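Subject: Structure handover

Hi there,

Here is the structure I promised to pass on to you. Please open it beside this message, and then read on for what turned up in it.

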Amino acid sequence: MIEEGASPVGRVAVACVRAITASDEAAEELFAHALREDLVGWPFERARLRHAWGAWLRRQRRATEARAPLRAAAEAFDALGAVPWSERALRELRASGERIRRKHDARDRLTAQERQIAQLVAEGLTNREIGQRLFVSPRTVSTHLSHIFPKLGITTRGELSRLMTAREGDYII
């Protein structure tokens, strides 16, 4: 057993390991105990715990219940800039049956010119109008769009418009 005087992170780490390694009957109570711990000042550890809880629920074939902790974990990891952990949580979320097409930060993968073209598409301009504004050919605009769509995981101008007008921090699920 871990002492009561130990740090919240230490107590949660031990409780989480116990829950992960416990039998299915005991694991749920151990996760519940760990989740009751006050981790306000420890957002990464809280997100890791939620991720472990959600993954355990999914493996117990309780996919619907798993989605809330996995979504919370992914959002927390994103806010902390913990990209590998966020991707891990999103993979678990997808495995639970949640349909995630892209995250808000997908726009960060675009180059400056691609972002400019995407914004103009979102404003409703045609390739020709964009080309005139940026002093490039419509074919160059089309080429940029052919790079933008796969980067963002989309296939239509309408989806691009919706993504570009989404507020920072929004998940589009």
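**Overall fold**

Please keep in mind that this is a predicted model. The secondary structure comes to nine helices and zero strands, so the pattern along the sequence reads α-α-α-α-α-α-α-α-α. The protein has 173 residues, and 39% of them count as buried. If you take the contacts between residues at least 6 apart in sequence, 52% of them join residues at least 24 apart.

**Helix H4 and what follows it**

Helix H4 runs over residues 63-80, which makes 18 residues. At 1.5 Å a residue it should span 26 Å, and the 25 Å between its end C-alpha atoms agrees with that. Its buried residues are Ala66, Pro69, Leu70, Ala73, Ala74, Ala76, Phe77 and Asp78. When you turn the model to see what they touch, you will find them packing against H3 and H5. Just after H4 comes glycine 81, with a positive phi of about 75°.

**Histidine 51**

This side of the model also holds a histidine that may interest you. Histidine 51 lies in helix H3. Is histidine 51 buried or exposed? Its relative accessibility is 9%, and because buried means under 20%, histidine 51 counts as buried. Apart from neighbours within four places in sequence, histidine 51 is in contact with Leu70, Ala73, Phe77, Arg88, Ala89 and Glu92.

**Helix H8 and histidine 144**

Helix H8 covers residues 138-152, with 15 residues. From its first C-alpha to its last it reaches 21 Å, close to the 21 Å expected at 1.5 Å a residue. Which residues of H8 are buried? They are Val141, His144, Leu145, Ile148, Phe149 and Leu152. These residues cover an arc of only 140° around the axis, so they sit on the same side of H8. The face turned away from that buried side carries the exposed residues Arg139 and Pro150. As for partners, the buried residues of H8 pack against helix H6 (112-122), helix H7 (127-134) and helix H9 (157-165). Just after H8, glycine 153 takes a positive phi of about 70°.

One of the buried residues of H8 is histidine 144. Its relative accessibility is 16%, and because the limit for buried is under 20%, histidine 144 counts as buried. Leaving out neighbours within four places in sequence, histidine 144 is in contact with Gln113, Glu114 and Ile117.

**Loops worth a look**

Two residues have a positive phi without being a glycine. Arginine 61 has a phi of about 65° and is found in the loop between H3 and H4. Phenylalanine 135 has a phi of about 60°, and its place is in the loop between H7 and H8. What is the relative accessible area of arginine 61? It is 78%, and arginine 61 is exposed because that value is over 50%. Phenylalanine 135 is exposed too, with a relative accessible area of 78%.

Glycine 41 is in the loop between helix H2 (24-35) and H3. With a relative accessible area of 59%, glycine 41 is exposed. Glycine 41 and valine 9 are 32 residues apart in sequence, and their C-alpha atoms are 9.6 Å apart in space.

**The largest pocket**

Finally, the largest pocket has a volume of about 250 Å³. It is lined by 13 residues, and the closest to its centre are Ala13, Cys16, Ile20, Arg48 and Leu49. Which helices each supply at least two residues of this lining? They are helix H1 (8-21), helix H3 (43-59) and helix H5 (83-95). The largest share, six residues, comes from H1. By type, the lining residues divide into nine nonpolar, one polar and three charged.

I hope you enjoy looking around the model.

Best wishes

Key:
Residues numbered from 1 in each chain as written. Predicted model: local features only at pLDDT ≥ 70, side-chain atom pairs only at ≥ 80, totals over all residues. Heavy atoms only, no water. 1 Å grid on protein atoms, 1.4 Å probe; cavity = no way out; pocket = protein on both sides within 12 Å on 5 of 7 lines; lining within 4 Å. Points joined across faces, edges and corners; volume = space filled by probe spheres on them. Helix = DSSP H or I, 4+ residues; strand = E, 2+ residues; numbered from the N terminus. Nonpolar A, V, L, I, M, F, W, Y, C, P; charged D, E, K, R; others polar. Buried < 20%, exposed > 50% of the residue type's maximum accessible area, 1.4 Å probe, protein only. Expected span 1.5 Å × (residues − 1). Arc of directions from axis to C-beta. Contact = heavy atoms within 4.5 Å.
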